[in-house]
Amino acid sequence: MKWTLPNALTVLRLLAAPGVAVMFLYFNRPWADWFALVLFLGAAITDWFDGYLARSWKQESRFGAMLDPIADKAMVIIALLVIVGYSSMTPWLVLPATFIVFREVFVSGLREFLGGQAKLLQVTKLAKWKTTAQMIAIAVLFARDIFLHHMLTRAAELDPQTLDGIMTGAIADEVGLLWLAQMRDVTGFVGLVLLWTAAALTLITGWDYFRKALPFLREPA
């Protein structure tokens with residue numbers, strides 16, 4: 001293995017994947033959400049940089065080609081597990097997350113089964129858009145939880161009468177509760193739309209890979 005900067009960035013991205021979950025073990029919310037978002041965004045940015053640098057500097061390697069998709073899948077799956085685990089079990093969130101995790105496991109199994117023929121399942125442009133949509137959706141959903149828990153933290157400092165007055169508009173919102181509630185709703189809606197879009201792209205690319213692998217799955221006549 002050549003220890004190049006692109007490979008180092010890929011390894012760091014792989015290590016950042018479990019770090020997203022660890023943030024929730026050692027920090028209270030919303031700080032855990034903030035740290036997880038920053039870590040996830042930093043790792044997502046390296047996903048573009050390591051490939052760009054490897055191509056520009058002619059430092060592409062078999063190690064990087066192997067580890068890059070693993071790091072991407074680990075980031076997406078672990079982040080989705082954290083978001084679903086710390087959110088309400090609404091079908092609008094659970095279903096697209098389930099589709100995404102199922103597809104990633106299924107395609108990984110196909111590649112392992114095909115072995116030497118796995119080159120038939122090379123990453124397509126649509127698959128790259130799929131990964132981008134997944135990462136943007138996850139980042140927006142982390143932002144939703146940040147707005148939610150900042151709102152809950154400020155609401156906990158108010159007495160019930162004041163809180164009710166602010167939410168109904170009878171009392172001036174001097175602590176920004178209504179703005180936080182609006183941002184929670186907007187980021188929640190946008191995040192779900194993006195997640196369903198990513199799930200649709202995920203299933204489409206998964207079917208494309210399965211179709212390409214189908215001739216190798218048939219029993220010999």
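A salt bridge is a side-chain nitrogen of Lys or Arg within 4 Å of a carboxyl oxygen of Asp or Glu. By that criterion the structure holds 9 salt bridges. The model is predicted: local features need pLDDT of at least 70, side-chain atom pairs count only at pLDDT 80 or more, and totals for chains, interfaces and linings use all residues. Residues are numbered from 1 along each chain as its sequence is written, and side-chain values use heavy atoms, with hydrogens and water left out.

**The whole chain**

Begin with a cartoon view. The chain has 7 helices and 0 strands; helices (H or I, at least four residues) and strands (E, at least two) are DSSP runs, numbered from the N terminus. Of the 221 residues, 42% count as buried, where buried means under 20% relative accessible area, exposed over 50%, and partly exposed in between (1.4 Å probe, protein chains only).

**Select Arg29, Asp33, Arg144 and Asp145**

These four residues are linked in a network of salt bridges. Asp33 pairs with Arg29, the closest N and O atoms being 2.9 Å apart; Asp33 is buried, with a relative accessible area of 0%. Asp145 also forms a salt bridge with Arg29, here with 3.5 Å between the closest N and O atoms. Because Asp145 lies in helix α5 and Arg29 in the loop between α1 and α2, this pair ties together parts that are 116 residues apart in sequence. Asp145 is buried as well, at a relative accessible area of 3%.

**Select Phe24**

Phe24 is found in helix α1 (residues 5-26) and counts as buried, at 9% relative accessibility. Which residues does Phe24 touch, not counting those up to four places away in sequence? They are Arg29, Ala32, Asp33, Ala36, Val82, Tyr86 and Phe142, a contact being heavy atoms within 4.5 Å. The C-alpha atoms of Phe24 and Ala36 are separated by 8.0 Å.

**Select Lys73 and Glu104**

The side chains of Lys73 and Glu104 meet in a salt bridge (3.6 Å, N to O). The pair links Lys73 in helix α3 with Glu104 in helix α4, 31 residues apart, and both residues are buried. Lys73 has a relative accessible area of 16%; leaving out residues up to four places away in sequence, Lys73 touches Glu104, Ser108 and Arg111.

**Select Phe40, Ile138 and Phe142**

These have the most contacts inside the largest nonpolar core, which has 34 residues. A nonpolar core is a set of buried Ala, Val, Leu, Ile, Met, Phe, Trp, Tyr and Cys residues joined through side-chain atoms within 4.5 Å. Helices α1, α2, α3, α4, α5 (125-156) and α7 (177-217) each supply at least two residues of this core. Apart from it lies another core, of 8 residues, among them Phe147, Met151, Ala155 and Ala181.

**Finish at Val38**

Val38 lies in helix α2 and counts as exposed, at 55% relative accessibility.
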